[in-house]
Amino acid sequence: MSNINIIAPRPHVITCKAAVAWGAGEPLVMEQVEVSPPQAMEIRIQVVSTSLCRSDFTAWQSHAIFPRIFGHEASGIVESVGQGVTEFKEGDHVLTVFTGECMQCRQCTSGKSNICEVLGLERRGVMHSDQKTRFSINGKPIYHYCAVSSFSEYTVVHSGCAVKVSPLAPLEKICLLSCGVAAGLGAAWNVADICKGSTVVIFGLGTVGLSVAQGAKLRGASRIIGVDTNPEKGENAKAFGITEFLDPNDCNEPIQQVIKRITGGGADYSFECIGDTRMITTALQSCCDGWGLTVTLGVPKEKPEVTAHYGLFLTGRTLKGSLFGGWKPKSDLPSLVEKYMKKEIQIDEFITHNIPFEDINKAFNLMREGRCLRCVIHMPK
């Protein structure tokens, strides 16, 4: 009997629906797009759930690269794998990540950083490997966002920008761990390393800010002060660990002076989660002399330069940046999923709206109006 070599069918082009942004601030248009097969070291994912992150919203409003498919906070199931991929197989449940982990570059092997030199934040709207797109309409390229582009029924990502997760974890919930919730928790635990009994102040009570609050609470912070100009956020924030709420519009003096007064000299830690570089100085001024630490997490819409008086640093304050909370995605995200499964961290409470894919523009409107934390967008089954 002769040996018969069974050759697995090669992945083919898929035609599916995607929400395409054709211009800055314009409503997304549901289009039929062609999704190329995964190339070497890439995987193609059937997106199950994705959520709208503030950075998607900010980039959509800017005069960036168009036409484009946004979305980066997502979960899905591997549909096919490209040449050389051994970590994933068809049917695996995964989270996408906007910054990858190659596990081989100087940064990945340092043990000191999560800023991968090979699969870091992609800003040009293409894939890391060949600088081309995997989406097209009538032969014309549609550009990526953060090399993820999850506002599509199918997407292609580098295998280093995906994390295998337990098939028991609910994909419609854990998609939030692929960016916002993980970023806030990591800023509190990895970057600031908040200690028990400390005082924390958080500027901006969106998903990231409230995730910082959750992380501070779990670390045993004694006071967690939330600052936001939206008074409606004050009461809801208590569920995530906020002990006091301040609206700068209700204060008769600069907010940093209020904080220094009520904390007896300033907070041990402050977090800028707004994306306004002008607030970084305010956050620094809200910290105490000697050991006050400010962590900035927000993505600025304008004025990316940071200015601060050198005297703030001479008195011992520290300013640190944070990308994805310092987490190495492949190494660390599975443990966060496990913590959620054990009910050690909150995720469900961040989901304020569940929206079908065809109504994705509703999510953008809710974020514009400040009426949501996370809108989870569900793909057709």
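Residues are numbered from 1 along each chain as its sequence is written, and side-chain values use heavy atoms, with hydrogens and water left out. Because the model is predicted, local features need pLDDT of at least 70 and side-chain atom pairs count only at pLDDT 80 or more, whereas totals for chains, interfaces and linings use all residues.

Helices (H or I, at least four residues) and strands (E, at least two) are DSSP runs, numbered from the N terminus. Two strands count as paired if DSSP finds at least two bridges between them. By that criterion β5 pairs in the antiparallel sense with strand β4 (residues 73-81) over three bridges, V94 being the bridge partner of G76. Three bridges also join β5 to strand β9 (residues 162-164), again in an antiparallel arrangement, and here L95 stands opposite V163.

Elsewhere, six strands form an open sheet with parallel pairing, in the order β12-β11-β10-β13-β14-β15. Its edge strands, each pairing on one side only, are β12 (244-246) and β15 (318-321). Neighbouring strands of this sheet are turned by 20° against each other on average, direction ignored; axes are lines fitted to C-alpha atoms, for helices over the stretch in contact, and angles run from 0 to 180 degrees between N-to-C directions. Within the sheet, β13 (residues 269-272) and β14 (residues 293-296) are parallel and share four bridges, one of which pairs Y269 with L293. Helix α8 (residues 278-285) packs on the sheet, touching β10 (199-203), β13, β14 and β15, and its direction makes about 170° with that of β13. Helix α4 (residues 180-191) lies across β13, β14 and β15, running at about 145° to β14.

In α10, P329, K330, L333, L336, V337 and Y340 are buried; they lie on the same side of the helix because they cover an arc of only 120° around the axis, the arc being that of the directions from the helix axis to the C-beta atoms. These buried residues pack against β5, β9, α3 (171-174) and α4, contact meaning heavy atoms within 4.5 Å. After α10 comes K343, whose phi is positive, near 65°.

Notes: Buried < 20%, exposed > 50% of the residue type's maximum accessible area, 1.4 Å probe, protein only.
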